[in-house]
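Subject: Structure handover

Hello,

Here is the structure I promised to pass on. Please open it next to this message and follow along.

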Amino acid sequence: MSNAPTHETPRLAEPVAGRCLCGAVSITVTAMQAEVDICHCAMCQRWGGAFFAGVKGEGAEVTGEEAITVYRSSPWAERAFCGTCGSNLWYEFLPTKGRSFLAGLFDLPPGFGIEQQIFVDEKPDWYDILQESPMKTGPEVIAEAMAAGLSPD
Ligand SMILES: [Zn+2]
Ligand SMILES: [Zn+2]
């Protein structure tokens with residue numbers, strides 16, 4: 001098993017700027033992957049109302065830190081939101097410090113694909129997954145992380 005991407009992910013040449021609903025927080029992502037990462041887990045549903053769709057890049061510049069509240073949602077992760085307007089900002093996977101920013105914060109160029117969809121076994125019945133993409137269940141995702149030597153705390 002390998003943690004490497006299954007294909008070469010296209011990246012955007014220009015940095016992409018995003019912001020929360022009230023504008024207190026701005027985020028600029030460099031070398032953003034032109035694919036969203038989708039999570040259907042129960043925690044993401046409770047956090048954002050439905051599935052989580054995130055984008056990531058090589059680096060990110062965040063302004064408006066004073067408006068940001070960070071919540072430790074599990075031994076694996078933190079979730080950040082704007083304390084003024086409530087916009088969710090990012091999910092941080094603590095073992096790698098990798099941040100996945102909410103796709104909706106950015107005006108993304110056309111042509112985005114889906115990198116993968118995870119925790120598909122926790123998807124509610126009221127919507128269907130119709131777009132083609134790699135899919136993994138929660139137990140598969142956790143087994144992959146463990147096999148890669150990652151662990152919570
Ligand atoms: Zn805000
Ligand atoms: Zn999730």
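Below is what was found in it, from the whole chain down to single residues.

First, the ground rules. This is a predicted model, in which local features need pLDDT of at least 70 and side-chain atom pairs count only at pLDDT 80 or more, while totals for chains, interfaces and linings use all residues. Residues are numbered from 1 along each chain as its sequence is written, and chains are lettered from A and ligands numbered from 1 in the order in which they are written.

**The chain as a whole**

The chain has two helices and 11 strands. Both kinds of element are DSSP runs, numbered from the N terminus: helices are H or I with at least four residues, strands are E with at least two. Read from the N terminus, the order is β-β-β-α-β-β-β-β-β-β-β-β-α. The radius of gyration is 15 Å, close to the 15 Å that the globule rule gives for 153 residues, so the chain is as compact as a globular protein of that length. That radius is taken over C-alpha atoms, and the rule is 2.2 Å times the number of residues to the power 0.38. Along the principal axes, the C-alpha atoms fill a box of roughly 40 × 35 × 30 Å.

Buried residues make up 25% of the 153. A residue counts as buried if 20 or more other C-beta atoms lie within 10 Å of its own, exposed if 12 or fewer, and partly exposed in between, with C-beta atoms placed from the backbone. Now take the contacts in the chain with a separation of 6 or more: residues 24 or more positions apart account for 53% of them. A contact means that two C-beta atoms, placed from the backbone, lie within 7 Å.

Eight strands form an open sheet in the order 6-7-8-9-4-3-10-11, with mixed pairing. Strand 6 (68-74) and strand 11 stand at the edges, each with a single partner strand, so one side of each has no neighbour in the sheet. Two strands pair if DSSP finds at least two bridges between them.

Strand 3 (residues 35-39) pairs with strand 4 (residues 52-55) in the antiparallel sense, over three bridges. Here cysteine 39 has phenylalanine 52 as its bridge partner. Strand 4 also pairs with strand 9 (residues 98-102), again antiparallel, over two bridges. Glycine 54 has leucine 102 as its bridge partner in strand 9. Valine 55 stands opposite phenylalanine 101.

Three strands form an open sheet in the order 1-2-5, and the pairing is antiparallel. Strand 1 (16-19) and strand 5 (59-63) are at the edges with a single partner strand each, so one side of each is left without a neighbour in the sheet. The twist averages 20° from one strand to the next. Strand 2 (residues 26-30) and strand 5 are joined by five bridges. Isoleucine 27 has valine 62 in strand 5 as its bridge partner.

**The core**

The largest nonpolar core has 25 residues, and Cys39, Leu89 and Phe101 touch the most other members. Strands 2, 3, 4, 7 (77-82), 8 (88-93) and 9 each give two or more residues to this core. Such a core is a set of buried Ala, Val, Leu, Ile, Met, Phe, Trp, Tyr and Cys residues joined through C-beta atoms within 7 Å. Leaving aside neighbours within four places in sequence, cysteine 39 is in contact with Cys44, Phe51, Phe52, Ile118 and Phe119.

Phenylalanine 119 lies in the loop between strand 10 (113-118) and strand 11 (135-136). Phenylalanine 119 has a positive phi of about 55° although it is not a glycine. It is buried, with 24 other C-beta atoms within 10 Å.

Lysine 97 sits in the loop between strand 8 and strand 9. Its phi is also positive, at about 60°, and it is not a glycine either. Lysine 97 is exposed, with 8 other C-beta atoms within 10 Å.

Threonine 137 is in the loop between strand 11 and helix 2 (138-147). It is partly exposed, with 14 other C-beta atoms within 10 Å. Not counting residues up to four places away in sequence, threonine 137 touches Phe119, Val120 and Asp121. Its C-alpha atom is separated by 7.9 Å from that of glutamate 122, 15 residues apart along the chain.

Best wishes

Definitions and conventions:
Axes are lines fitted to C-alpha atoms, for helices over the stretch in contact, and angles run from 0 to 180 degrees between N-to-C directions.
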